[in-house]
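The following exercises are to be worked with the sequence and the structure at hand. Each task is followed by a stepwise solution.

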Amino acid sequence: MPDLNETEAYPLSPVQERTLALAGPVPQLCQLTVRLPEGVGAAAVEERLAGLVERYEILRTSIAVVRGMRGKYQVIAPHASCEVRESPGNRETAAVTERERCALSLRLEVAVADGHLLVTAPALLADLESLVVMASVLRGEAGAIGDLQYADYSQWRRDLLETAADAPADDILATLRPESLDTGRFAVPGTDAAPRRTEEVHIAEAVLPDHADPEAVLLTAWTAVLSRVAGNSVTMAVGVDGRAHPEVHAAIGAFSRYLPMTDTVDTASCFTPATAAVRNALNGLRDNQDTLHFPTHRWPFGFSYRELPAWADDARCDGEPFVLRLECDRRPSGGIRVSVRFDAARVHPELARSLGEQTLQMLPAAEAEPGIPIGLLPIVPPADGLRTGEFNDTVVPVPDRTVLDLVAEQAALRPDATAVIGADVQLSYAELLAAADALAGRLADAGVTPGRIVGVCVPRSPALLVAILGVLRAGAAYLPLDARYPASRLQDMVDDAGTTLVVTADGAPVDGLEGPAFLAVDGPGAACGAPAPVSGDDLAYVLFTSGSTGRPKGVMVTHAGLTNYCTFAARRYGAGDGTGAPMDSPISFDLTVTSLFPPLIAGRPVTLLPDQVGLERIEPLADSLRGGSAFSLVKLTPSSLASITQIAPAGELAAGTRTFVIGGEQLTFDRVQEWRRDAPGVHLINEYGPTETVVGCCIYEVNPDDPGQGPVPIGRPIANTRLYVLDARLNPLPLGHIGELYVAGTGVARGYVSAPGRTAERFLPDPGTAGERMYRTGDLARMLPTGELEFLGRADHQVKVRGFRIEPGEIDAVLTTHAAVIDSATIAREDIPGDERLVSYVTLSGPLPVDTLLEHARGLLPAHMVPSVIVPVDAIPVTVNGKVDHAALPAPGTARQDLSTAYVEPRTDAERYVTELFADVLKLDRVGAGDDFFTLGGHSLLVTQVTARIREALGIRVPLRQLFATPTVEAFAPCVADALAARLRELDEADLRPDLAEEVTG
């Protein structure tokens, strides 16, 4: 601790206090490398250095704790060494050595290397401008040099700020808060908790037109780029030299600092007026810099612009530890060295490089299109454009055959191999093709010709595959129909598709369906012989998805698209390496395509699990995996993956499959964490793709180096597919920018059946390939520095819940058909992590029990579109623009809703246990004995929680299907009691929960 008899101690300046407060584990340094005049060597430099050190107290100062005083002080020594080292290496190596030396000594370090002078100092003692002043003296240049001592300046600054405490600008700066660019999305894997470390990437030597205001132009562009990436205006901290007064112009010390600009750049404005506004803001900032207070926030974004002398080769000043800072050093020649300094623990180097290049790319773009808003200027750097070209270089040969042809080839190679495994029946490839040919012949006899669309409404059984392949063998396209759908919805689908014939298991009509004829899968008639000829442009199937107008829309998928996807999936997912795939989802869900065709064309069987829907189908799948089925692949949604691990741990299920293909909704790393830890040999592939691009168009395989949380990227395009992230003008967007995702290539569907207007709206000309089209997904995405795409939600209000694509507007259209409903707004909510559900808000003309309205919805909507909760409200909140204000819609309450059945107190201990369990899972205050789990807001995912909790608490296994079959408390409680009674016969009574054990033993 310094002795005050030998030194003098002074308070820190405000600049030093801020530098110290924001300092990380590595000291902040400034360094200047300059060319020495001919004949000037280390001896001459050392002599001049001695004079500087003697003259300026700050060069003899250290920052330390002083005995008997609180806090840190500037401690000035009467003398200090003045050594100038001669480095034998080149100046780049010497610069690194000098920085390391200065970081340890925390004092001025001077060296000579390769004809250059290197001056390095801690940022607490000297800024870059001070190093320029010192370097000019050390080079032997004559010029004005100040007499101001930094300790005097420190006291003056403190006094000045105290007297300016009421300055209006203080209030403005005090209200500013740093925005956050979501740099975590671009973080280097595994470095989330790494210490702050700053790196630099050189961008270019920029040359601006003579008439330009380089500082304002570059600051405007840099701020605009970050604002576009962040999705909102950002506040920029701008470097000021702190030398507004003449006495400080040539002084030495820590004067410069960063102040936040109160005016942000509006990306909706054009570049020229935005630059003028930035220049005015800069002038105001510098005019008032001595009287401005500012909070001790760590500003994430910075900008510095410095004019360096001609003899300066390189300048580096760590300054404040920003996440991202653009450094612009201008030379007398007019060139500007542009670099980006970034926190390498938080920002990927490729992102830092691209952001700097985007900044420079904005300048010619703004000059070429001065009337275009900043937010729409094309700013893709050449390197990013090259990256996109490589990203979309996916052309691979595809067999000039249909999926049906490829299945027939396998039948010829292995006629006796098993193709389909049902509950009671198995079919070989030969038997499957023979049955399909027989159906195709009968379809032809019924008037089906190539190009027609034939409905298929057959339960999950070998007959279902016969029906699908039979329709394809007849040259027609199949239309999946689920008999569990409301009749009105099935009627809309059949009418829109122009379907006049529907294949059913036994030829019986589908209830409520009027118009088409019906044909049984099996029956007398001649086989078709050779399949009807079709081309790649012909339709393979039509699949209906939710429509925003209240009417579903049918996607027309071609044979070329289906073949491209299935051959890719068979190869990439290893369909031929195991025992095929289980099929456990409805054929009306395009996820089923992955389970059906890739195994068949790879010579492996399709195993048909029981024909159940929702989470009821998860238990048979889990049982199959637990039994060591060794499937080649299993296709499922993230929700289903989470559910099977609630039934059994990942390690216990790992022998069931080589690969999980996970799609239908956004996948997060926490959903696969258990599998990565306990089943590392199982491949986990995130597959993205709308129905309009044949199931999947983009994949990413989870790898061991990935982080443990956050969204899993959707990766790269599959074979013969191109993906574009575009802005509103259909311009490509650079690295890191959020835009709408467009898909082009072989997999793009023909359009929507009987809906040319909808087709024209979503299927657009591909700007990158003449004569081809691309599909506008409505999904938001951005390119990551690692070369993968990341999915970021929807540009509209469409949602995906448990793998199903849903247009909330279709639900609202159905709800408002009830006479008592005035208005409706439906959203997907995730008030509890992992529990995403549909919630409908309705305004009513009078009292209406919620369960009555739910029954109305069930009669008109598929089960996956029926809201989990309906919340009556006085009015639907709207924004100033008259649109529904989703953020203002309240979370569903915990009170029991108004139902048509009265509340009934639980009467038995079993009922009390179940009501408590239901209330806890559904987050309700109370549940009655007569209440229905699903009417209260339960859904299939929550069913797994109920059964898992029963298993954990009581040691008994209640099948998932039991709660679907007996959803009321009074019906479900006896099932729990019976299961416990059975368990009681096997276990000692002392191991059971006493209250239930007492009841069941009666």
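**Exercise 1.** Which residue in β14 is the bridge partner of Arg325?

Solution. The model is a predicted one.
Step 1. Locate the strands: β14 spans residues 336-343 and pairs with β13 in the antiparallel sense, over seven bridges. Strand β13 itself covers residues 324-330.
Step 2. Read off the partner: Arg325 is bridged to Arg341 of β14.
Step 3. Inspect the hairpin that β13 and β14 form: five residues lie between the strands, and Gly334 has a positive phi near 105°.

**Exercise 2.** Classify the packing of α13 against α16 and describe the contact.

Solution. 
Step 1. The axes of α13 (residues 462-473) and α16 (residues 591-601) are 12 Å apart and meet at an angle of about 70°.
Step 2. Angles of 65 to 115 degrees count as roughly perpendicular; therefore α13 is roughly perpendicular to α16.
Step 3. Helix α13 contributes Leu465, Ile468, Leu469 and Leu472, while α16 contributes Leu596, Phe597 and Leu600.
Step 4. By class, these contact residues comprise seven nonpolar, no polar and no charged.

**Exercise 3.** State the confidence of the model.

Solution. 
Step 1. The protein chain has an average pLDDT of 86, and 90% of the residues score at least 70.
Step 2. Over residues 1-6, pLDDT stays under 50.
Step 3. The pLDDT is also below 50 over residues 166-180.

Notes:
Residues numbered from 1 in each chain as written. Predicted model: local features only at pLDDT ≥ 70, side-chain atom pairs only at ≥ 80, totals over all residues. Heavy atoms only, no water. Axes fitted to C-alpha atoms, helices over the stretch in contact; angles between N-to-C directions. Helix = DSSP H or I, 4+ residues; strand = E, 2+ residues; numbered from the N terminus. Parallel < 35°, antiparallel > 145°, perpendicular 65-115°, else oblique. Contact = heavy atoms within 4.5 Å. Nonpolar A, V, L, I, M, F, W, Y, C, P; charged D, E, K, R; others polar. pLDDT = per-residue confidence, 0-100. Buried < 20%, exposed > 50% of the residue type's maximum accessible area, 1.4 Å probe, protein only. Pairing = 2+ DSSP bridges.
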